[in-house]
Amino acid sequence: MSSLRDLLGEAQTERLMDDLGVLVTRLNKLGLGEMRPWPDFFSKFKAPKKWTRDEVEKRVTTNFFEYRTNYAMVVVAIFLLMLFSSPLLLLSLLLCVCLW
């Protein structure tokens with residue numbers, strides 16, 4: 001089995017690793033490196049006392065910022081499940097990557 005360096009070459013692999021490092025740094029600046037505990041994420045929902053638009057908007061915004069890494073992981077997991085459950089989609093993406 002070929003390694004990434006064999007497939008891309010030394011220069012392309014180094015450029016890819018540098019780009020991934022920049023991506024990780026940017027994601028950490030956005031707070032996506034700080035995952036909250038999963039039991040807290042899936043804990044029982046407690047309804048607000050008042051269901052006003054401002055209260056709901058505030059709760060949704062706070063929840064998103066508090067658990068943004070968890071939400072990102074759920075989205076990635078769903079995407080990967082979708083990708084691997086559909087071989088045609090996987091083949092199409094591989095073809096696009098190869099032609100790129």
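This is a predicted model: local features need pLDDT of at least 70, side-chain atom pairs count only at pLDDT 80 or more; totals for chains, interfaces and linings use all residues.
**Entry 1: the chain as a whole**
I looked up the secondary structure to begin with. The chain has six helices and zero strands. Read from the N terminus, the order of elements is α-α-α-α-α-α. I then checked the extent of the chain. Along the principal axes, the C-alpha atoms fill a box of roughly 60 × 30 × 25 Å. The radius of gyration of the chain is 20 Å, whereas a compact globule of 100 residues would have one near 13 Å.

**Entry 2: helices H5 and H6**
How do the axes of H5 and H6 cross? I noted H5 as residues 68-85 and H6 as residues 87-99. Their axes come within 5 Å and cross at roughly 100 degrees. Angles of 65 to 115 degrees count as roughly perpendicular, so H5 is roughly perpendicular to H6. From H5, the contact is made by Met82, Leu83, Phe84 and Ser85. From H6, Pro87, Leu89, Leu90 and Leu93 take part. I sorted the residues of this contact by type: seven are nonpolar, one is polar and none is charged.

**Entry 3: the second largest pocket**
I next looked up the second largest pocket, and its volume is about 190 Å³. Which residues line the second largest pocket? I listed Leu4, Leu8, Gln12, Arg15, Leu16 and Asp19. Helix H1 (4-8) and helix H2 (10-29) each supply at least two residues of this lining. H2 gives the most, with four residues. By type, the lining has three nonpolar residues, one polar residue and two charged residues.

Key:
Residues are numbered from 1 along each chain as its sequence is written. Side-chain values use heavy atoms; hydrogens and water are left out. Axes are lines fitted to C-alpha atoms, for helices over the stretch in contact, and angles run from 0 to 180 degrees between N-to-C directions. Angles under 35 degrees count as roughly parallel, over 145 as roughly antiparallel, 65 to 115 as roughly perpendicular and the rest as oblique. Contact means heavy atoms within 4.5 Å. Ala, Val, Leu, Ile, Met, Phe, Trp, Tyr, Cys and Pro count as nonpolar, Asp, Glu, Lys and Arg as charged, and the others, Gly among them, as polar. On a 1 Å grid over the protein atoms alone, a cavity is a set of points where a 1.4 Å probe fits but cannot get out, and a pocket is an open set with protein on both sides within 12 Å along at least five of seven lines; lining residues have an atom within 4 Å of a point. Grid points are joined across faces, edges and corners, and a volume is the space filled by probe spheres set on the points. The radius of gyration is taken over C-alpha atoms; the globule rule is 2.2 Å times the number of residues to the power 0.38.
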